[in-house]
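Trainee: Could we go through this structure together? I would like to start with the sheet and then turn to the core.

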Amino acid sequence: STQSTGKKKTNILRATWFFRDDDDKSWLPFSAEVAFKLEDAYLKDNFDRVDVSFNPPRYVKKEGEDIYRQYRTTKKANPNGRLVQRGYNNIKYVDVPKHLQ
């Protein structure tokens, strides 16, 4: 999908990548900036580790065919990480944070 900004067409990436919330029930979209980084790594098949946040430090890594997880690098991090998904197939509910609405 593309968006016209009046000057040129740009890809809409905010709704391309999602991660599971802490409750593991709802999906949240990554910001457009992070989605761009993830999509770039995906298209280049270079998904060893993509830094997505710096406070707290988080990264996403590919763990299998279309299986991605987000991890924190802090001591209190969940060792299983959060599930990350490209696209919205099989996502029934997306919780869009108020600051992104």
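Predicted model: local features only at pLDDT ≥ 70, side-chain atom pairs only at ≥ 80, totals over all residues.

Mentor: Residues are numbered from 1 along each chain as its sequence is written, and side-chain values use heavy atoms, with hydrogens and water left out.

Trainee: In what order do the six strands of the sheet come?

Mentor: The open sheet has the order β4-β3-β8-β7-β6-β5, with antiparallel pairing. Strands (E, at least two residues) and helices (H or I, at least four) are DSSP runs, numbered from the N terminus. Two strands pair if DSSP finds at least two bridges between them.

Trainee: Which strands stand at the edges?

Mentor: Those are β4 (27-29) and β5; each has a single partner strand, so one side of each is left without a neighbour in the sheet. The twist averages 30 degrees from one strand to the next. For such angles, axes are lines fitted to C-alpha atoms, for helices over the stretch in contact, and angles run from 0 to 180 degrees between N-to-C directions.

Trainee: And how many bridges join β5 to β6?

Mentor: Four bridges join β5 to β6 (residues 57-64), and the two run antiparallel. They form a hairpin with two residues between them. Val50 has Val60 as its bridge partner, and Asp51 has Tyr59.

Trainee: What about β6 and β7, then?

Mentor: β6 pairs with β7 (residues 67-72) over six bridges, again in the antiparallel sense.

Trainee: Changing topic: which strands does α1 touch?

Mentor: α1 packs on the sheet and touches β3, β5, β6, β7 and β8 (contact means heavy atoms within 4.5 Å). The direction of α1 makes about 165 degrees with that of β5.

Trainee: How many residues has the largest nonpolar core?

Mentor: It has 14 residues, and among those with the most contacts inside it are Trp17, Phe30 and Leu38. A nonpolar core is a set of buried Ala, Val, Leu, Ile, Met, Phe, Trp, Tyr and Cys residues joined through side-chain atoms within 4.5 Å. Buried means under 20% relative accessible area, exposed over 50%, and partly exposed in between (1.4 Å probe, protein chains only).

Trainee: Which element gives the most to this core?

Mentor: α1 does, with four residues. The elements that give two or more residues are β3 (17-20), α1 (32-43) and β5 (50-54).
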